[in-house]
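Let's take a friendly walk through a protein structure, one feature at a time. Keep the sequence and the 3D view open beside you as you read.

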Amino acid sequence: MVQRMTKCVICLGVFGFIFLITGCVLIPVLNNYIDSQIKETIPLKEGSDTYNTWLNPPVPIYFQIYVLDLQNPIEVVKHGAKPAFTEKGPYTYREHRQKWQISHFENGTLSYRENRSFVFEREKSSGSHEEKFTTVNLIMVTIAEIIRREYSWIQELVELVLDWGDDSNLFMKLSVKEIMWGYEDPLLKKVKAILQKYVNTTTFDDKFGLFYNQNGSDDGLYTIYSGIKSWENFGMIQLWNKKSTLKFWTTPQCNMINGSDGTIFPPFEDKGRTLYIFSSDICRSIYTVYQKPVTLKGIDLMRYAVPPKVFLNHTLNPDNLGFCTPRGVCLPSGLLNVSSCRQGAPVIMSQPHFLAADKEMVQDRVIGLVPDPEQHGTILDVEPKTGVVMNAQKRLQLNVYIRNVSHIRDTANIDHIYYPVIWLNESALIDDKSANKFKNQLLMPIKLTKAAEYGLIVLGAFMLICTAALFIKQKVSSKPEDDLVDVNQCNTNSDRHPILN
């Protein structure tokens, strides 16, 4: 009986050891298998699920506009008061994207254009996009910049401006629809006539808007790595408009095109990795760093955010020296002059509510803006195993620079203002259907695999512990019998050898 029990215990221990070793061996083997499957499915091959998703993203994209309604235009013009703002919004547009002119190349790249169109969605908005708000007269500001730079035009342009409107014509009422997609302005027509007279230019249109002619258009020709040759550069931009560098900035580093377009990244991300993004909206590359873990619709993600260092001026971040345009003209931290890539329009980009901007030079010169990293920062929530972006919130603010121009009477009492016009949030959040599909196709097999791996390890360890416990119990239970035998043996010996002879 004892021998049979011993054999059973030994068998239990052997199987426990086998299960434990098998579980440990399976961890790298199955992990490598899963990784190899991801590497095979990631590339943008025609007909694959990845390619079809990239071609026609199933996740809804929204373009939310927040306008900054000026409350005291008369005080700003007459007394140089700080502009006070009330935020209105969101005014939400559904953004539709359609890739076209797609070409595949043997070096593992592909090129494409992507049309973007916008449809207003009233039910997701705070009001109609026909609602009006008070904002800066962008045509007036542009004329002021022309007067400041082009002295041969001063007299005729000044007479034109002074003949237009009353003392508050630096500011005007426009609807969200007008400021975004364009409106006709008699002043613009006169400016166009003057420009044609002096420089014979035809670049001016009869309409003006921050996103005029961008509804239904693309932002350039992209050439990206498809991941066919290597998964490590999947989605990275090789060329934009057939160029590997930009021409807007004053240093080679600032003119570099780094990263992807922000919608796709290579797989196998980790916390120490920096994600680079090229944004045509601001005509430059930026980067994001790991911020914290988040869970979305049952999927564990890593949140990346744009750090304040990206927007510091060159004295605090020497890498940003090249963003001083014209050369040597540097703005305070948090601001980027994009006029060089906006046909000379005096547009300055920032984060919403001047997040991470110089407090004294920018934030303290306006009233009503309260920067909040949670509401106004750009974030990406990335699934680390695949590099899939599950939640993207790209937030930007469009501003104009208003300064005192001696021949423009409405600027006489203004020192200088970085004037916020609108801020936008271009967002894409994975829907329930796509999340469930992702979990079923990828996360469930991974979880089942890990369950099998660690299940074998736990079972093997448990069996070894049981084996050790049974051996100990068997040894302990055998000791009294052995002791009894020893006593009997002593008694027998004592009978054979009497005490007295």
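We begin with a bond between two cysteines: Cys 324 and Cys 330 are joined by a disulfide, with 2.0 Å from S to S. Please bear in mind that this is a predicted model. The angle about the S-S bond is 110 degrees, and the link of Cys 324 and Cys 330 is right-handed.

How many disulfides does the structure hold? There are two. The other one joins Cys 283 to Cys 341, with 1.9 Å from S to S. This link of Cys 283 and Cys 341 is right-handed as well, with 85 degrees about the S-S bond. To find its ends, look at two loops: Cys 283 is in the one between strand 10 (275-279) and strand 11 (284-296), and Cys 341 is in the one between strand 13 (336-337) and strand 14 (347-350).

If you count the bonded cysteines along the chain, the disulfides follow the pattern 1-4, 2-3. Cys 254 is in no disulfide, and the nearest cysteine sulfur, that of Cys 324, is 8.4 Å away from it. Since a disulfide needs the sulfur atoms within 2.5 Å, you can see why Cys 254 is left without a partner. Cys 254 is buried, with a relative accessible area of 4%.

Next, let's turn to charged side chains. A search of the whole structure finds 17 salt bridges. One of them brings together the side chains of Asp 69 and Lys 88, at 3.2 Å from N to O. Asp 69 belongs to strand 1 (residues 61-70) and Lys 88 to strand 2 (residues 85-104), so this pair ties together parts that are 19 residues apart in sequence. Is Asp 69 buried or exposed? Asp 69 is buried, with a relative accessible area of 8%, whereas Lys 88 is partly exposed at 29% relative accessibility.

Another salt bridge is formed by Arg 113 and Asp 218, whose closest N and O atoms are 3.1 Å apart. Arg 113 is in strand 3 (residues 109-120), and Asp 218 is in the loop between strand 7 (207-208) and strand 8 (222-225), so the parts tied together here are 105 residues apart in sequence. Asp 218 is partly exposed, with a relative accessible area of 27%.

A further pair is Asp 381 and Arg 303, whose side chains meet in a salt bridge at 2.7 Å from N to O. This pair links distant parts of the chain, with Asp 381 in strand 15 (residues 379-383) and Arg 303 in strand 12 (residues 299-305), 78 residues apart. Asp 381 is buried, with a relative accessible area of 2%, and Arg 303 is buried too, with 13%.

Salt bridges can also be linked up, as you can see in a network made of Glu 95, Arg 97, Lys 99, Glu 114, Arg 116, Asp 281, Lys 394 and Glu 426.

Now look inside the protein. Which residues touch the most other members of the largest nonpolar core? They are Ile 65 and Tyr 419, in a core of 108 residues. Strand 16 (residues 388-403) contributes the largest share of this core, eight residues. Leaving out residues up to four places away in sequence, the contacts of Ile 65 include Lys 88, Gly 89, Pro 90, Val 176 and Trp 423.

The peptide bond from Gly 89 to Pro 90 is cis, with omega near 5 degrees, and Pro 90 is placed in strand 2. Thr 325 and Pro 326 are also joined by a cis peptide bond, with omega about -10 degrees. Pro 326 is found in the loop between strand 12 and strand 13.

Asn 241 has phi near 55 degrees and lies in the loop between strand 9 (237-240) and strand 10. Lys 297 has a phi of about 55 degrees and lies in the loop between strand 11 and strand 12. Asn 241 counts as partly exposed at 34% relative accessibility, and Lys 297 counts as partly exposed at 31%.

Methods: Residues are numbered from 1 along each chain as its sequence is written. This is a predicted model: local features need pLDDT of at least 70, side-chain atom pairs count only at pLDDT 80 or more; totals for chains, interfaces and linings use all residues. Side-chain values use heavy atoms; hydrogens and water are left out. A nonpolar core is a set of buried Ala, Val, Leu, Ile, Met, Phe, Trp, Tyr and Cys residues joined through side-chain atoms within 4.5 Å. Buried means under 20% relative accessible area, exposed over 50%, partly exposed in between (1.4 Å probe, protein chains only). Helices (H or I, at least four residues) and strands (E, at least two) are DSSP runs, numbered from the N terminus. Contact means heavy atoms within 4.5 Å. A salt bridge is a side-chain nitrogen of Lys or Arg within 4 Å of a carboxyl oxygen of Asp or Glu.
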